[in-house]
Amino acid sequence: MNLKELAAHIAAEFQKNYGRAPRWIAAAPGRVNVIGEHTDYNDGFVLPMAIEFYTVMAADKRPDGAGIVTLRSTSQPDTATLDLAQTIKPAPPKWGNYPRGVFAGFQARGVNPGGLDVLVHSTVPLGSGLSSSAALEVCTATLIEAVTGKAIDAEEKALLAQKAEHDFAGVPCGIMDQFISALGREGHLLLLDCRTRKTELVPMSDPSVALLIINTNVKHELSGGEYAERRAQCEEAAAKLGVKSLRDVTADQLERGKAKLSEVVFRRARHVIGEIERTLHAAEGIRQSNWPTVGQFMYASHYALRDDYEVSCPELDAVVEIAEDIGYKGGVYGCRMTGGGFGGCCVALVKADAVESISKKIASDYKAKTGIEATIFSSRPAAGATIIKS
Ligand code: GLA
């Protein structure tokens, strides 16, 4: 469904839920990260794009005028409610904590949108590493902008959404997902310097290539704690090497400081330092439409995530191996896991005219290897969050 269709869909669903038409509608996309994984919380570079899958929210003032927000979702059985007169804190149901955290962020800034009836609908696959949570947070913030009629700076909006994830979902994530959901631009990847927060839009509109997203349809539950552990290991490496973050360390410096680090922490740092370099090289490759080079950096990224950072899993590795087997001749330039890891999706850079044959081959070989059906789709780089009805 495109955005227009989605807006019509949620308006109809809102009518069914609340018995009247919505006054406001907002949307925010999920994302796929082309390269630059586990670098954002190390002050490094990332290169994501927004995808044509969105969270949309429709809202209207409550008819009774109470300062209560009711949040319903088309995919969740439980309704979330929050009282704007109280300090907003985390509370069940779990899914409601993402919007709740964003309302809390506005509350902390003294912004009160007034009581609302809200409905959420999402086409971003949940829990698949495509940032469904960032899309929900950024969409909530965009909806509040629509309701209050006051836009906030997109960067501030992304940071507010990230804080919601930290404080209300307990995930110490970096800034990539919320930034791309807020700042994505149609036809472009976003090269984001996570230290200075400087952004560069990198055009990606060559019709001869496409990005395929391959959902392994597995999610390994250990991911929450593993993410925080990786982050802590990176901080340990930086502290032992006497720098603020791994952004400040070159590959040579890491080699020279090897004795100061445990074997595991050394490998974690090696991934991060190499990945920051790879991201800059890949961005340059994309600017020059040098697709074979970009593909090689994507494979190298995957190997480092698998071997040094240890955030891959057999199903993600299986997809990358199948992509390698299809190879350049079959139309695949490169492939890697994308997002936090331990399941979720791979992203592959492929020749546009081979999308169908490659998708079929990956689906059948993946099923044969793992017994699981993959979900495969392609997306062009989409625009970031937007107010559809104000
Ligand atoms: C998750 C986090 C991001 C980033 C990636 C790994 O998606 O939310 O901030 O750290 O993992 O690159």
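The questions below concern a predicted model and the grounds for some of the terms applied to it.

Q: Why is F342 called buried?
A: Buried means under 20% relative accessible area. F342 has 8% relative accessibility, so F342 counts as buried. Its place is in the loop between β9 (332–337) and β10 (343–351).

Q: Why is R197 called partly exposed?
A: The class lies between the buried limit of 20% and the exposed limit of 50%. R197 has 31% relative accessibility and therefore counts as partly exposed. R197 lies in the loop between β6 (188–193) and β7 (199–203).

Q: What makes the phi of R197 worth a remark?
A: The phi of R197 is positive, about 65°, although R197 is not a glycine. F342 is also not a glycine and has a positive phi of about 60°.

Q: How do you know that β8 and β10 pair?
A: Two strands pair if there are at least two bridges between them. Eight bridges join β8 (residues 209–219) to β10, so the two count as paired; they run antiparallel. Within this pair, L211 stands opposite L349 in β10.

Q: Why are β9 and β11 said to stand at the edges of the sheet?
A: The sheet is open, with four strands in the order β9-β10-β8-β11 and antiparallel pairing. β9 and β11 (375–378) each have a single partner strand, so one side of each is left without a neighbour in the sheet. From one strand to the next, the twist averages 20°.

Q: Which helix lies across β8, β9 and β10?
A: Helix α9 (residues 291–307) does, running at about 25° to β9.

Definitions and conventions. Residues are numbered from 1 along each chain as its sequence is written. This is a predicted model: local features need pLDDT of at least 70, side-chain atom pairs count only at pLDDT 80 or more; totals for chains, interfaces and linings use all residues. Side-chain values use heavy atoms; hydrogens and water are left out. Buried means under 20% relative accessible area, exposed over 50%, partly exposed in between (1.4 Å probe, protein chains only). Axes are lines fitted to C-alpha atoms, for helices over the stretch in contact, and angles run from 0 to 180 degrees between N-to-C directions. Contact means heavy atoms within 4.5 Å.
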